[in-house]
Every structure is written in C-alpha cells, then in structure tokens.
Amino acid sequence: MEMGEGWDEPSSFLNRTGKRNIQRWKGKTASCPASECPVGTAGVGTQVGRERRQPGHHRTRQEQQPLGGHIGGSHPAALPGGECPLQPLPRAHGHPRPRRIRSPRLERPRRAGTAPTRGNGSAHVQRRHPPEIGISREEALEALQVVRQECHGDAARTAGGSGATRKCTALELLEEEQAQGFIITFCSALDNILGGGVQLTKITEICGAPGVGKTQLCMQLAVDVQIPECFGGVAGEAVFIDTEGSFMVDRVVDIAAACVQHCHLIAEAQQEEDHRKALETFSLENILSHIYYFRCRDYTELLAQVYLLPEFLSEHSKVRLVVIDGIAFPFRHDFEDLSLRTRLLNGLAQQLIIIANDHKSAVVLTNQMTTRIGQSQSTLVPALGESWGHAATVRLIFHWDNSQRLATLYKSPSQKESTVAYHITSHGFRDVQPPAVTHSAEGTELNPRKRPRTEEEKQQ
Amino acid sequence: MAAKKLRRAQLSQEMCERLRRYQITTCQEFLCLSLLELMKVTGQSYYEVQKLLCKVSRACAPRMQTAYEMKLRKSGNPSSAFLSTTLHSLDRILHGGVPCGSLTEITSPPGCGKTQFCIMLSVLATLPISMGGLDGAVIYIDTESAFSAERLIEMAAKRFPAYFDSDEKLLCMTRSIHLYRELTCCSVLKRIMSLEEEVISKKVKLIIIDSVASVVRKEFDTKLQGNLAERSNFLTRGASVLKYLAEEFSIPV
C-alpha cells in the first residue's frame, strides 16, 4: 500500500462509513502540500455526511475506498513534492454508497452548540466534533450522557435490563469463577482434564460416534448435578431436552441408585451431621422428580422449547444443568437450505449462551459425527459444520480405540488438550481402573471403580 | 406439531391475515424467521415480537414430564415393556427382551439368521400376553422378498405345538401378519409414512423392516457426488418417523 508515513494503521480507514478515521488522524496536520488542493486545513477530517465533496479531486468518506485510497479532505503532512500524487480514484466496484440514516434530532442539538447524537445515543458521531465546536472532550462526554439519559428514559426496558450492564472487572470475574462449582462426572480422569468437571455458565459440547457413551454421560450429569453441596456437588436440578429418544428411565434409575449408594458410603465414613441431613432429601424419587424431560420431535419444537426455556428457568430457579441430547439430529435431515440451518443454529447458540450466563447453569450439547471426505482419506469430524464449532466453549470428542473408549478435550479456553480413557459400567460413567490413590477404609472394595472422594471432602 | 397452523396458536385474526400475505401460515415458518424479519413482517415493536414468539412457541413446545413420572408410568405396566425373545441369554443381556417404544437394529453378515429371527419375532408377537407375546398384529416390510409363509407356519407349529394345535389357530395367526413388499427407497418411505393409520386400525404391536440396508445400497452409490447427502436424508427421515411410531404406540420396531 502506497501511503505516506503520516498514516498509521492504514486499514482503519477502510471502514465503509468512515467513522473511525478521525481517531487515527488526531494530531496530524492536515494542510495539503499540493498547491491547488482546495481542501486546505480541514481540521481533523471532514464531517461525515456533509456534502463537502470536492468532486474530481478528493473523494469524501461517503465513497467506499479500496485499499490505497485517499479518504476525506485531509492529506498526510509528509507528502513529498508539491504535486498531490493521488489521482482521483475510481469508485470501487460493487460498493454501494453507504446510506446514512439520519435522525432529525441530529440537526437540532448541533445548532444549539451541543454534541449531536443519534436517537439511541451513538457516541461515535460525537467524537469527531469536539475540535470543531471548540469544547473539550470531557464536556462533550457530559453533554452526551445527558442526552443519552433522556433517550433511555423513554425506551421501555424489559427484564433484559440486567443484560445492559454485563461488564465487570476481571477481578470480579475471577472471584466468581473460583466460587463456582463444577458438575462432576464420576470419572476422575475426565474431571481432571476438564479442570474439575463440567463448568457452570459455559456451553460444553460432546461429540462422538454412535454408541460411544454420549447419552450415558448426559444421564450421569443429570444425576450428578443434584448431589448436595456437602458432598461436593452443586445441588441443582436438570432439564433434559431429548431429540433422539434415547433417554431410558431405567438406566437413570440405575445411575441414580449407584450415586445415592456412593454418598451413603461417604456419609458413613465421615459421620457428619449435615451429611446425614442432606441424604434425607437425596433419594431416588427426589432425583427423578428433579429431572425435567422434554421430547422434541423436530427442529421447530426444539426452537420453540429454547424460546420458552428462560421463562421455565425463572420458574424453576434451582436448575443448574440444561442438556440437549442430539442437537444434530433434527437439523440433519429435511434441510435443503443450508444457510437457513446455519442461521437457526447460530440463533440457538446465542440463546443458549444467554441462558447459561443469566441462570448460572451449564449447558451440555451432544453432537453427531460426520465423515469429511478428503482427497485421499476420509476423517470423522463433528457434524453441523464449521460455524457450529464456534458455538461451544468446551468441546469433548469421544472415540474408540480398539474397544477402549477415549475422551479427548478438543477445545477449551483454560485447559490443555489431552485424552483419557473411561468406562461405562452398570453404575454409570466411571474411570478405567481405580486411580493409584490409597484406598482408605471407606468400603471402596464394594465398587472398585468408584472415584475416591476423600481428598475432595478434606478440601471442603 | 411443526405444521400447526398459526391460527391455532391463538394469534389474533388480523395478525394471521397479515402473516398470510407473506406466506407464513405455519408455526414452523414463523419460528424460522429472525427477529428483524419478524418485526418487519408483523410491524410490531421488538418487545411485542418477543411476546408473539413466546405465544407461538407455547403452541408447539413439547410437554414437560419429570423422569419420576416416566418411571411410574413404566412400572405401572411392566409386562408391556419388552417383547421377550425366548432366548434366555439374549433376554438377560437385553434386560428383558426387545424394548417396546424404541428402535432395535439387527445386523450381521449374510446367512446368519436375521430373517429367521424376524419371522420368529412375528410369531411371538401374535401370541397372547400370558405366553409372553404382545397379542397383536405385525407389520412386516420386506425388501428382499425373503419372507416365506411356509417357514412361518413350520416355526409356529414346531415351537409352540401346544398352542397351535389346530389349523385354525395357525391361520388366525397368519392373518394377523401383514406383509408389504417394497422394492425401492421411495416406496419404503411412503409405506413408512402411511403406517400410522394401519397401526391404529389393525392394532399392530410390532413393526419389522427387513432390511433397510439392502434397498439403500441398491439405489445409492456413495461414490457418486451428492448421493451421500440424499441417502442420509432418506435414512434420517425414515428413522424419525419410525421413532415417532415406536414411542407414540409403545411398540417395538
């Protein structure tokens, strides 16, 4: 790109409406060395939307500029020679002239000498004006805030007002994250690579070939989320949205019974009062009644259910886990229009993120695998395409390796990529072999695959 | 559920009229639009559109049940949970037999006995409940023309001589097994779609498709471009209808 040295970050002026250009140009003298340049000292750029075009020589910001173009009326100071070397640029093909939506309010405040704003108080129009009307930036900011308050007073704010202030410092976020619980999976190796278990407020995606154990893990998590806090759980309820019909109540009964038995053993060993009290409510009937099951037969029902989910979650505020078993199944057939599918999936992902954050619950999705046929070989990749890969925060891929089931952490913002082996027993999801920790006299001999919880208990 | 008309979703008359002008008549089309498009089409504000969305969603959304209710329902009717195969070791590992209400797939290399197994299951399904059967009709969709009625009678007579002691009983049993010969993918799919009425009218308690792979392999060559997508389209569509039948009527498929 042929630019003079006075330009920093040349790509910044590629902005179609040219709003951000002014920031970059602060402090640059704008006198054009070219003798016949009519622009002269135009201050910090020309104003957007004003009809200040000098046709034929310089293009205003209204015209879309390709790379290497010259926007607006100002020149960088360090242009050599007296001739303006820039030629009038042809309009870039195919770029429409950006239409400015100007609200009528824009005119009035300017005349009064205050900063103009749009109806919704966009501040970016504001920033280029301070040097022009001759007030300082802070005064401009104050004026802007006053105007903004007026506008926002009219607009009806719904309960989404909590979403308006989603900012907080990283320190607050750190405290929140450390206080947050995890949903354990009863497989200590898997919990370790996940950093403690399935995290709340995050979307976890589990991909795998059929029969590898995705639904088993979902059922295990639906039971584990209800473990009382004194045993290291989050004491929440679960919503199970089933699109494939693979939810077997009998299996959940088995898993829940094993979990209750496990907790009983711990309570007997620890002999603490609150353990015993918690165990009274942690019974099979209670576990099953706190799993809310929805059977969605096609993608319309799934969309409808996700639209209604925030309302449901505000009624049942103890829900800490939302499982969607088989998010790929309803979207893989009957869809000729792939762009519609991508749009619906993206909308779904956004809503799930909002749900996860607002209600502090974990969202677990199961995905299928599809074959990507390359030049020479074909590989198994998660279904639903590349854009869906951005939806989940944490991605686990389950696969086989000669009759051993393996779980790979494929994508995670805080943990490194690793693979562990796991087992599915009649009690549910478990480690492959008992980890090499000393077996204290807790009756672990009864179930050698049970994860020893002594260390966790001591940390409580 | 998806094809539910918007009228039935309790939207106002004028709203329905307005949407019909844009060719939006079912809930499915309504929910597929983005919020911006909905605002444009209905002419309502952002918050009104959200309320409309909730209304329409409530019309399509599935009913909530807790796992406990499901368990109670199942345990209230234990005999209908499985179709016992009368092979004791198989029944043991299957926890009772072929489960009712879900799809079961039987695969094997050729000649191992899949069709024989299916014929035996059809005999078992026609037996009365006291003998471990389902006391109902059977729908048998045959794509390989491998079903032999004589073999059926031979099996029934040899296996349950006490029950099928007269010819009448045998004929009665054969009358309740409905055989459909379909030889192409399209006809199989059409047949599956039309099964719902038959299941209700003939009191069918078992659906067998023998076999799904043969007809698919004949028609779709995966080496050709585009066939893979079509094939999986056909399979998933068939699978979802079968799943719906299995769950709605609590029958094994």
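Visitor: What is the mean pLDDT of chain B?
Guide: The mean is 81, and 95% of the residues of chain B reach 70 or more. The pLDDT is the predictor's confidence in each residue, from 0 to 100. Where pLDDT is low, the predicted coordinates should not be read in detail.

Visitor: And which ipTM and pTM does the predictor give the complex?
Guide: The complex receives an ipTM of 0.78 and a pTM of 0.68.

Visitor: How many helices and strands are in chain B?
Guide: Chain B has 13 helices and 6 strands. Helices (H or I, at least four residues) and strands (E, at least two) are DSSP runs, numbered from the N terminus.

Visitor: What percentage of chain B is buried?
Guide: Of the 253 residues in chain B, 42% are buried. Buried means under 20% relative accessible area, exposed over 50%, and partly exposed in between, with a 1.4 Å probe and protein chains only. Among the contacts in chain B with a separation of 6 or more, 61% are between residues 24 or more positions apart; contact means heavy atoms within 4.5 Å.

Visitor: Which residues of helix H1 of chain B are buried?
Guide: In H1(B), residues 13-21, the buried residues are Met15(B), Cys16(B) and Leu19(B). They cover an arc of only 100° around the axis, which puts them on the same side of H1(B). The arc is that of the directions from the helix axis to the C-beta atoms.

Visitor: What covers them?
Guide: The cover includes helix H2 (27-32), helix H3 (35-42) and helix H4 (46-60) of chain B. The face of H1(B) turned away from the buried side carries the exposed residues Gln13(B), Glu14(B) and Arg21(B).

Visitor: Let us move to strand S4 of chain B: how many of its residues are buried?
Guide: 6 of the 6 residues of S4(B), residues 137-142, are buried, so the strand is largely enclosed by the rest of the structure. Ala137(B), Ile139(B) and Ile141(B) lie on one side, with Val138(B), Tyr140(B) and Asp142(B) on the other.

Visitor: How many bridges join S4(B) to S6 of chain B?
Guide: S4(B) and S6(B), residues 204-210, run parallel and are joined by 6 bridges; Ala137(B) has Val204(B) as its bridge partner. S4(B) also runs parallel to S5(B), with 5 bridges, and Val138(B) stands opposite Ile177(B) there. Two strands pair if DSSP finds at least two bridges between them.

Visitor: Where is Ser211(B) found?
Guide: Ser211(B) is in the loop between S6 and helix H12 (212-219) of chain B. The peptide bond from Asp210(B) to Ser211(B) is cis, with omega near -10°.

Visitor: Which order do the strands of the 10-strand open sheet have?
Guide: The order is S13(A)-S12(A)-S11(A)-S10(A)-S3(A)-S7(A)-S6(A)-S4(A)-S5(A)-S1(B), with mixed pairing. S13 (428-431) of chain A and S1 (64-66) of chain B stand at the edges with a single partner strand each, so one side of each is left without a neighbour in the sheet. Neighbouring strands are turned by 25° against each other on average, direction ignored. Axes are lines fitted to C-alpha atoms, for helices over the stretch in contact, and angles run from 0 to 180 degrees between N-to-C directions.

Visitor: In which sense do S10 and S11 of chain A pair?
Guide: S10(A), residues 394-401, and S11(A), residues 404-411, pair in the antiparallel sense over 7 bridges. The bridge partner of His399(A) is Leu406(A).

Visitor: Is Asn402(A) buried or exposed?
Guide: Asn402(A) is exposed, with a relative accessible area of 71%. Asn402(A) sits in the loop between S10 and S11 of chain A and has a positive phi of about 55° although it is not a glycine.

Technical notes
Residues numbered from 1 in each chain as written. Chains lettered and ligands numbered in written order. Predicted model: local features only at pLDDT ≥ 70, side-chain atom pairs only at ≥ 80, totals over all residues. Heavy atoms only, no water.
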